[in-house]
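Reader: I would like to learn how to read helices and strands in a model of this kind, taking one feature at a time. Could we begin once the structure is in view?

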Amino acid sequence: MSDENENKEIKLRWYVVQAFSGYEKRVAQTLTEHIKIEGLESSFGEILVPTEEVVEMRAGQKRKSERKFFPGYVLVQMDMNDASWHLVNSTERVMGFIGGTSDRPAPITPKEAERILNRLQENAEAPKPATLFEPGEVVRVTDGPFADFSGVVEEVDYEKSRVKVSVLIFGRSTPVELEFGQVEQDK
């Protein structure tokens, strides 16, 4: 029995499937259902929609939301054979495989797959802020006593979702500590 499992592990490779944008989760769910209906569980492993959790400040509240980091794509771990290829290609809202040719798709390399899976793991442990600020960047204050002032980012604290901004007040540069939700990137 263990020999059979070892062979199965060798055959399962990661493929990238292009789906209609906005329907990635639906495609993953439909694929899972069709695999069970067709009894092809042995030809498939995981089906993932790579997303990351982001933290935003809205109206003074921390809100967590999900953002896809490969919009329009679903990762499918599978053994490429006629039945599995046909099942994926005939799924609603699937446009096809990425890589290789239309009738002989190529898997992504184990290194690429590992990089994506590591990114998913890292993000599960520490969500990213929706907006990234960098020291030296010019931002506009949108809320609080310094609203409508522009300033330069001095420090960023992602742990506390705060940013230290140098604002010019009466001709003097004054450091002000603000929450991410009180500033926006100056356009």
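Reader: Which residue is the bridge partner of Val139 in S9?

Author: Please keep in mind throughout that this is a predicted model. As a general idea, strands of a sheet pair through backbone hydrogen bonds, either parallel or antiparallel. In this structure, Val139 has Gly151 as its bridge partner in S9, and the pairing to which they belong joins strand S8 (residues 138-141) to strand S9 (residues 150-157) by 3 bridges, with the two strands running antiparallel.

Reader: In what order do the strands of the open sheet lie?

Author: The sheet is built from 5 strands in the order S11-S10-S9-S8-S12, with antiparallel pairing. Its edges are strand S11 (172-179) and strand S12 (183-185), each of which pairs on one side only, and from one strand to the next the twist averages 45°.

Reader: Which residues does UniProt list for "domain: KOW"?

Author: The UniProt record, an unreviewed entry, lists residues 132-159 under that name.

Reader: Turning to helices, which residues of helix H3 are buried?

Author: The general idea is that an α-helix has 3.6 residues a turn, so residues three or four places apart point the same way. In helix H3 (residues 82-89), the buried residues are Ser84, Leu87 and Val88; they cover an arc of only 95° around the axis, which means that they sit on the same side of H3.

Reader: What do the buried residues of H3 pack against?

Author: They pack against strand S1 (13-19), strand S2 (44-48), strand S5 (73-78) and strand S6 (94-98), and also against helix H2 (24-38). At the start of H3 there is a further detail to inspect, where a side-chain oxygen of Asn81 comes to within 3.1 Å of the backbone nitrogen of Ala83.

Reader: Why is S1 described as largely enclosed by the rest of the structure?

Author: The description rests on burial, which here means under 20% relative accessible area: because 5 of the 7 residues of S1 are buried, the strand is largely enclosed by the rest of the structure.

Reader: How many bridges does S1 form with S5, and how many with S6?

Author: S1 pairs with S5 over 6 bridges in the antiparallel sense, and Arg13 has Met78 as its bridge partner in S5. The pairing of S1 with S6 is likewise antiparallel and runs over 4 bridges, with Ala19 standing opposite Val94 in S6.

Notes: Residues are numbered from 1 along each chain as its sequence is written. This is a predicted model: local features need pLDDT of at least 70, side-chain atom pairs count only at pLDDT 80 or more; totals for chains, interfaces and linings use all residues. Side-chain values use heavy atoms; hydrogens and water are left out. Buried means under 20% relative accessible area, exposed over 50%, partly exposed in between (1.4 Å probe, protein chains only). The arc is that of the directions from the helix axis to the C-beta atoms. Contact means heavy atoms within 4.5 Å. A polar contact is a pair of N or O atoms within 3.5 Å; within protein, one must be able to donate a hydrogen and the other to accept it, and residues adjacent in sequence count only if both atoms are side-chain atoms. Two strands pair if DSSP finds at least two bridges between them. UniProt positions are given in the numbering used here, feature names are shortened, and annotations may be inferred rather than shown by experiment. Axes are lines fitted to C-alpha atoms, for helices over the stretch in contact, and angles run from 0 to 180 degrees between N-to-C directions.
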